[in-house]
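This report describes selected parts of the structure shown below, going from strands and sheets to a single residue and then to a helix.

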Amino acid sequence: MKFTGKVYKFGADIDTDAIIPARYLNTIDPQELAKHCMEDADADFPNKVQPGDIIVAEKNFGCGSSREHAPIAIKATGVSCVVAKSFARIFYRNAINIGLPILEAPEAIDAIHEGDALEVDIVRGHIKNLRTGEEFQATSFPPFMQEIINQGGLINYVKKKG
Amino acid sequence: MGMTISQKILAAHCGREQIETGELVNCKLDVVLGNDITAPVAIAEFEKLGLEKVYDPGMIVLVPDHFTPNKDIKSAQQSKVMREFARGQQIENYFEIGQMGIEHCLLPELGLVLPGDLAIGADSHTCTYGALGAFATGVGSTDMAAAMATGEAWFKVPESIKFVFSGKLPPWVSGKDLILRIIGDIGVDGARYMAMEFTGEVVRQLSMDNRFTMANMAIEAGGKNGIIAPDEITRAYVETRASRPYTFYESDPDADYFEIREYDVSDMEPLVAFPHQPENTRGVSEAGHVLLDQVVIGSCTNGRLEDLAIAAGLLKGKKVHSGLRTIIIPGTQNIYLEALRKGYIETFIEAGAVVSTPTCGPCLGGHMGILAQGEKALATTNRNFVGRMGHRDSEVYLSSPAVAAASAITGRITPPWEV
Ligand code: SF4
């Protein structure tokens, strides 16, 4: 799976309340959630994000609550993947479980800026900044997690296991 | 090599003698929890599996506590999904309002989580139950769905950080201040992926209510779980509540730790976390002149009886400041009733505070006290992120019930010894 997209860059410790504020958690409809995605970090984000765009963030992306509505909202905006220095534990697990591609790439982030175009190879964990030509390798997933990703998420994985 | 208490509980639940940190293990669970926000997503995922029955209805606990009593039509629909699922699957541990309390106050109170248990909850503050000597961690809704289907979940065995508290606890310094001290020290991702083990003579003497507060906020340091080895205080709490056997585990003396951090509490003062991260802590006497629009005493962090007792002690015979709203939310119906019997509720109402039925309410900006643009609240809750309690230009400060009650009287952030 290869994605090419425009970068929206966020800072450190972007919490799940910023990704999808609790005031919108009275629905589980992904399209409704997407309308408010990242709203408390960047009020204009839901209007400007285009399918295929890439979220890039500093450390500890997705900290805070366990709301799966956070990765669901991001996925429903059409964002192709999230690349961060690090992810909070529950967000990391949720993203893999619902099939939102994420990559942890501590070395890459400082060299990526808002508006850059990235080419991301999710399977190989390979990131290329198309503006500068620089290339980076993301931290690889343990085989078990790779298996969940390959199955398209935890539900399919459990289904297959029987 | 010895094992930590967290390793031992995971090992016992995957049928192994020894497990190493970093290993991925598949474990049998004792408790699977969901609430009115996360369970509807989990139920939708569960239905995709095409199974008729959950693995074991007895291990599932469903608590509609976030937007209940339902604040609007959409949240009423969500609660309905959960209620009908509970009925259809014969899940006995579903708690309608009237029995409901904030989940992390309610489950321990009813003995639904016990020492040595392995519990997951589709709520990040599931780590609260570590105060009982259980391994408890927050997960998402899909993990909850898979656990309802299989009774199992996978875990990466975490490394542990040991936090040792020694010295003599000064007056007004509580479990809330100890955990804020840790978060202020190591930061909001200082324990990312790790088990946080709280120990030392100070922790050994803490009441269960204070221990719950500490374990509750492990997630605010990024921790996977917070845990306190059970002792006689734990036993006194669980023995009247448990209706199944439980096991006390403790770390081996030669267990391996990622890090050991020691704190002498003797010169501590109560702390306040400034916006917009729980790590922005300052001593209450260094808070400066912060005028408040609202004080909230409640939540899964500090909505227990001892918290209300401290607040009532300070508010007795006093009035909350005319310039501010004070909202007090007992964590469960039982806590509410006990507070009523002990006269705390009367004290609060006479002081001019509002007392609410148990609910998460304003803690997550749901209802029951949302902030307008530019407003400031001091809350005994656990998160002060941007927009957490309302408008994105509002501010939340976090403190213990003592500081919150004192500040309710003066209208600004105030040390409890000044009122
Ligand atoms: S009281 Fe607050 S932190 Fe606790 S479960 Fe409810 S919303 Fe979450």
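Strands here are DSSP runs of E of at least two residues, and helices are runs of H or I of at least four, numbered from the N terminus. The model is predicted, so local features need pLDDT of at least 70 and side-chain atom pairs count only at pLDDT 80 or more, whereas totals for chains, interfaces and linings use all residues. Residues are numbered from 1 along each chain as its sequence is written, chains are lettered from A and ligands numbered from 1 in the order in which they are written, and side-chain values use heavy atoms, with hydrogens and water left out.

The strand belongs to an open sheet of four strands in the order β3-β2-β4-β5 (chain B), with parallel pairing, where two strands pair if DSSP finds at least two bridges between them. β3 (60–63) and β5 (135–138) of chain B stand at the edges with a single partner strand each, so one side of each is left without a neighbour in the sheet. Neighbouring strands of this sheet are turned by 15° against each other on average, direction ignored. β2(B) and β3(B) pair in the parallel sense over four bridges, and Asn35(B) stands opposite Val63(B) in β3(B). Strand β4 (residues 118–121) of chain B also pairs with β5(B) in the parallel sense over four bridges, Leu118(B) standing opposite Phe135(B).

## Helices on this sheet

Helix α3 (residues 73–88) of chain B lies across β2 and β3 of chain B and runs at about 150° to β3(B); axes are lines fitted to C-alpha atoms, for helices over the stretch in contact, and angles run from 0 to 180 degrees between N-to-C directions. Helix α5 (residues 141–150) of chain B packs on the sheet too, touching β2, β3 and β4 of chain B, and its direction makes about 135° with that of β2(B).

## Asp36(B)

Asp36(B) lies in the loop between β2 (31–35) and α2 (39–48) of chain B. This residue is buried yet has no salt bridge, the nearest side chain of opposite charge being that of Arg83(B), 9.2 Å away; a salt bridge would need a side-chain nitrogen of Lys or Arg within 4 Å of a carboxyl oxygen of Asp or Glu, and in the assignment of charge Lys and Arg count as positive and Asp and Glu as negative, while His and the chain ends are not counted.

The side chain of Asp36(B) does reach the backbone nitrogen of Asp65(B) at 3.1 Å, and the backbone nitrogen of Phe67(B) lies 2.8 Å from a polar atom of that side chain. Leaving aside neighbours within four places in sequence, Asp36(B) is in contact (heavy atoms within 4.5 Å) with residues including Val63(B), His66(B), Gln78(B) and Met82(B).

## Helix α14

Helix α14 (residues 401–410) of chain B is mostly covered, as nine of its 10 residues are buried. What covers the buried residues includes β11 (271–273), β13 (294–297), α10 (299–302) and α11 (305–315) of chain B, among others. Just after α14(B), Gly411(B) takes a positive phi of about 85°.

Note on methods: Buried < 20%, exposed > 50% of the residue type's maximum accessible area, 1.4 Å probe, protein only. Polar contact = N/O pair within 3.5 Å; in protein donor to acceptor, adjacent residues only side chain to side chain.
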